[in-house]
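Work through the exercises below with the model open. Try each task before reading its solution.

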Amino acid sequence: MSAEINRRWLIAARPIGRAVAESDFTLDSQPVVAPAEGEVLLRTRMFGFDPSQKAWMSNMAPYTQPVEIGGVMLGRGIAEVIESRSPAFAPGDRVRGYLGWQEYPVVQAGKLEKLPDEVPDGLALGLWGSTGRTAYFGLLHVGCPKPGDVLVVSGAAGAVGSVVGQLGKLSGCRVIGIAGGPEKCRRLVEELGFDAAIDYKAEDVGARLRALCSSGIDIYFDNVGGPLLETALNQITFGARIVICGGISTYSMDLRSPENIPPGPRNYLIITTKGASILGFLVHQFAEHNATASARLLRWWQEGKLKQLEDVQQGFENAPRTFMRLFEGRNFGKQLLRVGE
Ligand SMILES: NC(=O)c1ccc[n+]([C@@H]2O[C@H](COP(=O)([O-])OP(=O)(O)OC[C@H]3O[C@@H](n4cnc5c(N)ncnc54)[C@H](OP(=O)(O)O)[C@@H]3O)[C@@H](O)[C@H]2O)c1
């Protein structure tokens, strides 16, 4: 074991009611810790980023353990085993797990998964990870697409949205993405085969939806919430399915007190008049189907039917800045950070 220092990013402040900032984190250095019985010492290779990490650092995610100020920032990543005190792992194995933002984490063996050789690091955190499964379950189990359906997805150039749109095409849907900026919209159509894309920052989304989906939206897959949800509801068809995956437009609001919570869509009664359904979900709800979903996502990727879009930044010291890219709309596809060489 040559490394002696483990650099870590700690939480210094909670970004509640505002955007996440670099000053919310502190970099520290500690001696590398030797693994105890049943533990594994790892060298981090790559981190994956997800907007829900902001809820973790704000202690507002109801489905995860609280993170204290001064604690290591939670995060998923890929690492290589350096030293193992578990028969399940050997030095050199590549693993996936909750490593926290640190270079040499020590993790209980039972919380790690060994990665197959055919799955690259980025894929294991994106299409073949919980990102891909979120898109898979949200669209295929909740949205229930049928050939000929019109599918509209917000946050379409992001990690989940870009997979949802591609799965929609595989399901025979006509797919329209909503994303920020002309370059993202161009790439959705040209690289991922979306039928059309709307730049919500520059275009009148309502007018564009009326023009593009004159017969109505059958599935609205929502990653964003806020005014875009209301705009999309105005265009739904009879029996439409509205899938609430996330609501990133609200993630910088202080939602702890009811008076700060924005009112729901003013036009919600359209759900009644259109006999529509609006359903939220968490990827963990479908855990019993993980193996099937992962196998199918991998096969489709290997067959060239699905593309993994990724935005790879470099350097452990850039972890906070890379995380902030999600909220600045700077990522196209899965936001990743390569750590070390
Ligand atoms: N239900 C579940 O189990 C589950 C699991 C994982 C993720 N999620 C949710 O899925 C959504 C997508 O996650 P992801 O990992 O794929 O992130 P992502 O879409 O790759 O990254 C965030 C993107 O959101 C857009 N954005 C940021 N601020 C915005 C705002 N104020 N208004 C509108 N768009 C904004 C930006 O794209 P533009 O440039 O296009 O604005 C940005 O690139 C999130 O809401 C997340 O919480 C849900």
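**Exercise 1. How much space lies in the second largest pocket?**

Some ground rules come first. The model is predicted, so local features need pLDDT of at least 70 and side-chain atom pairs count only at pLDDT 80 or more, while totals for chains, interfaces and linings use all residues. Residues are numbered from 1 along each chain as its sequence is written, and side-chain values use heavy atoms, with hydrogens and water left out.

Step 1. On a 1 Å grid over the protein atoms alone, a pocket is an open set of points with protein on both sides within 12 Å along at least five of seven lines; a cavity is a set where a 1.4 Å probe fits but cannot get out; lining residues have an atom within 4 Å of a point. A volume is the space filled by probe spheres set on the points, which are joined across faces, edges and corners.

Step 2. Read the volume: about 550 Å³.

Step 3. Find the centre. The lining has 21 residues, and Gln65, Leu74, Tyr98, Leu99 and Lys111 are the closest to the centre.

Step 4. Assign elements. Strand S6 (residues 106–108) gives the largest share of this lining, three residues. Strands are DSSP runs of E, at least two residues; helices are runs of H or I, at least four; both are numbered from the N terminus.

Step 5. Sort by class. The lining holds 11 nonpolar, eight polar and two charged residues. Ala, Val, Leu, Ile, Met, Phe, Trp, Tyr, Cys and Pro count as nonpolar; Asp, Glu, Lys and Arg as charged; the others, Gly among them, as polar.

**Exercise 2. Which residues line the largest cavity?**

Step 1. Search the whole structure. One cavity of 30 Å³ or more turns up.

Step 2. Read its volume. The largest cavity has about 50 Å³.

Step 3. List the lining. Among them are Gly126, Leu127, Ala159, Ser162, Lys307 and Lys334.

Step 4. Find the main contributor. H4 gives the largest share, four residues.

**Exercise 3. Which polar side-chain atom lies 2.5 Å from an oxygen atom of the ligand?**

Step 1. Check the side chain. The atom belongs to Asn331.

Step 2. The protein covers 90% of the 920 Å² of accessible area that the ligand has on its own (Shrake-Rupley method, 1.4 Å probe).

Step 3. Name the elements. Helix H4 (159–170) and helix H10 (319–328) each give two or more residues to the shell around the ligand.

How values were computed. Polar contact = N/O pair within 3.5 Å; in protein donor to acceptor, adjacent residues only side chain to side chain.
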